[in-house]
Amino acid sequence: MAIIVDHVNYIYGQDTEQAVHALQDINLQIPDGQFIGIIGHTGSGKSTLVQHLNGLLKATSGSIYYNGQDIYDEGYNLKDLRSHVGLVFQYPEHQLFEVDVFSDVCFGPKNLGLSKKEVELRAFDALRQVGFPEELFYTSPFDLSGGQKRRVAIAGVLAMKPDVLILDEPTAGLDPKGREDILDMVKRLQQESGMTILLVSHSMDDVAEYVDRILVMDHGRVVFDDVPRQVFSHVEELEEMHLAAPQVTYILRDLKKAGIEVDENATTVDEAASTILQAFGKK
Amino acid sequence: MIRDITIGQYYQTDSVLHRLDPRVKLLGTLVYLVSLFCFHNPAGYAVALLFLILCIRLSHVPFGYMIKGMKSIMFILMITILFNLFLTSGTVLVSFWKITITVEGLKLAITMALRLCMLIIGASLMTLTTTPNHLTDGLEKGLRFLKVIKMPVHEIAMMMAIALRFIPILLEETDKIMKAQLARGADFESGGLVRRARAMVPLLVPLFVSAFRRANDLAMAMEARCYRGGDGRTKMKPLIYAGRDYAAYIILLAYLVISIFLGRWSVMTELLTSL
């Protein structure tokens, strides 16, 4: 078990009148190598949750264990934890600051106190992993396009070689092509390096294709925690939380209502296509 | 972390002070601040303190929340106290090594500290109970008479409104960038002065970039809605005095009279008895 979240509560602005109970009794087990999607409406607590996993926020009550160690123990090295649990924030391109792309990516590994050679090697690797063109390594990060900036920012976290990579809405504000590129890249990372990935999003279509497991959050609670297929069978409950199932789920449900024998639990476009073809082939 | 700075922030709740016309609060704060420096005797302090406590109670802002914001000025307060304590000449109270504390110094240190605390709490009480928009509205209307001497009152008020509006946004942004850099292993807390200053670069550069981006967006949005300054502009919620505002003015006047009277009167009696 890589990460265990045990009865975690978090309250924003505890002593004021506007105290918000952002997380309510969260219990999770995140095994190594899993690709997890965290879905929830704006304000459901998903960003708050992931900021606990690398110790940026301290739970009001409850504990978090990383590889069996309580991260709230006195003397626990949080900086070390942050190099193992990489967190890419929403709009990560806003954190770029260096004069060129390469030095910006170097920032993370440099903070780990590695040798210059190792730092540069890691930066180079990370930029290659995100598919960033080599001829742009020494341009200013502020001259890049939105999608490229985001790649650089993700590389900045990857260069620390984390075991767990958390991405908070990595596709926000990108065009459909940019979205797909980023998500494909994340999937490739998980398959090639066996990284544990947590993908925060509010779009089911984003995650349905990629993840092994979905956490649905609403009002600071984890409502569903299951494989995509099971989660999407609760269409009505999801809609009550202002979420939606992927578009293919709706198509398949409508087809089924119209009397066509399809498997309505298919979650990805490919699965849906094959079950539809099958249904029509049978006729 | 950075959100703990509460000076100049608005505290959302419902109270008489929150509903008061901002012009009353502006003038009231000004009068109170000036009054703090008008008296020289315990009675004056007592009245000022009593008035402040009354206002704090009326505001429904938790006292602990106010004090939290005071931490950042603790340093200045300490310097004032120490300077007054050690550098005032007069009758010696204690003396050891090169340090002498005089009776006058002790008195001065205590009164100065008290004054400063009341000054800061009094001023922050206004910002805690008034939204920035309300505040600048009040300022604009309260200073309208300056237009006679060609003062661009509306423009100044608008600049203030924008500046105040941006404080929480920039604080939030700072918090976000700080967290993002912490996630990349940045260290803002350890090391000497030079190292700490250098550690601020990854925070300040993105902050400036985003401040300029936001300013640009705002200018664009204002222009898109045909903003062209204050001439002929009407208000959606014009400021109109209500009964409670007149009542507040009367209370303010009463406070002023009492504090001046008490303060001056005992100075005079003191003078007389010392003769």
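Modeller: Gladly, and one term comes up at once: a salt bridge is a side-chain nitrogen of Lys or Arg within 4 Å of a carboxyl oxygen of Asp or Glu. Please keep in mind that this is a predicted model, in which local features need pLDDT of at least 70 and side-chain atom pairs count only at pLDDT 80 or more, while totals for chains, interfaces and linings use all residues. Residues are numbered from 1 along each chain as its sequence is written, chains are lettered from A and ligands numbered from 1 in the order in which they are written, and side-chain values use heavy atoms, with hydrogens and water left out.

Colleague: How many salt bridges are there between domain 1 of chain B and domain 2 of chain B?

Modeller: An automatic or database domain assignment sets the bounds, and chain B is divided into domain 1 (1-130 + 241-275) and domain 2 (150-239). For salt bridges between them, the count is zero.

Colleague: What area do domain 1 of chain B and domain 2 of chain B bury between them?

Modeller: Their C-alpha centres lie 31 Å apart. The contact (heavy atoms within 4.5 Å) takes eight residues from domain 1 of chain B and nine residues from domain 2 of chain B. Buried area is the accessible area (1.4 Å probe) that two parts lose on being put together, summed over both. Of what the two domains bury, 69% is on carbon and sulfur atoms, and the area is about 790 Å².

Colleague: Which three residues supply 26% of the area that chain A buries against chain B?

Modeller: The contact between the chains takes 24 residues from chain A and 23 residues from chain B. Together the chains bury about 2100 Å², 58% of it on carbon and sulfur atoms. On the side of chain A, the trio that supplies more than any other three residues is A:H94, A:Q95 and A:F97.

Colleague: Which side chains meet in a salt bridge across the interface of chain A and chain B?

Modeller: Side chains of opposite charge can pair when their charged atoms come close. The rule finds one salt bridge across this interface, along with four residue pairs in polar contact. At 3.1 Å, N to O, the salt bridge joins A:D104 and B:R184.

Colleague: Which element gives the most to the side of chain A that touches chain B?

Modeller: Helices (H or I, at least four residues) and strands (E, at least two) are DSSP runs, numbered from the N terminus. Those that give two or more residues to this side are α2 (78-84), α3 (101-111) and α5 (146-158) of chain A. With four residues, the top contributor is α3(A).

Colleague: What is the bridge partner of A:V5 in β4(A)?

Modeller: Strand β1 (residues 3-12) and strand β4 (residues 61-66) of chain A run antiparallel and are joined by five bridges. In β4(A), A:I3 has A:Y66 as its bridge partner. For A:V5, the partner is A:I64.

Terms used: A polar contact is a pair of N or O atoms within 3.5 Å; within protein, one must be able to donate a hydrogen and the other to accept it, and residues adjacent in sequence count only if both atoms are side-chain atoms. Two strands pair if DSSP finds at least two bridges between them.
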